[in-house]
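Here is a short note to read beside the model.

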Amino acid sequence: MLYSEKVMDHFSNPRNVGEVENANAVGQVGNAKCGDIMKISMRIENDIIEEVKFKTFGCGAAVATSSMATELVKGKTIDEALSLTNKAVMEALDGLPPVKVHCSVLAEEAIAACIQNYYDRMGIEKNVSKSCSGCCETCHNHDEHNNI
């Protein structure tokens, strides 16, 4: 399995690792089939993601996609972050092997779960949570891409 230089860089030198102090948004998702778990925390002020960090338990691709996803949403509006797709994460990493596409799906879902948590905490009635669309067909049981 060959990884791009960007994937290797984000795996070896992940950005935004840890938990945001005084976070007002936290989301965690996982894939029971492969064992990857992603937790993202944010501090959102005036609709802007001021700070974002992650903790990921999983393979190198899971760490790299978490790292890249946090980089892509930092400083963005909530709507911009919600428009982040797994394809955008993969493109930013110069691709992923087909068997690792599910990692980028988890990154997209983790961002959405985090923002859903923010809305819930703020009493905003919006449903933005994303769940596996079956796009990568790597987990063979798409119901397993659920919030943990």
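1. Leaving aside neighbours within four places in sequence, Ile 115 is in contact with Met 42, Ile 78, Ala 81, Leu 82 and Val 128. Contact means heavy atoms within 4.5 Å.

2. On provenance: this is a predicted model, where local features need pLDDT of at least 70, side-chain atom pairs count only at pLDDT 80 or more, and totals for chains, interfaces and linings use all residues. Residues are numbered from 1 along each chain as its sequence is written, and side-chain values use heavy atoms, leaving out hydrogens and water.

3. The protein has 5 helices and 4 strands. These are DSSP runs: helices are H or I, at least four residues; strands are E, at least two; both are numbered from the N terminus. Their order is α-β-β-β-α-α-α-α-β.

4. Strands 1 and 2 run antiparallel, joined by 6 bridges. Pairing requires at least two DSSP bridges between two strands. Gln 28 has Lys 39 as its bridge partner in strand 2. In the turn of this hairpin, Gly 35 has a positive phi of about 90 degrees.

5. Strands 2 and 3 are also antiparallel, over 9 bridges. Ile 40 stands opposite Phe 54. Here 2 residues separate the strands, and Asn 46 in the turn has a positive phi of about 50 degrees.
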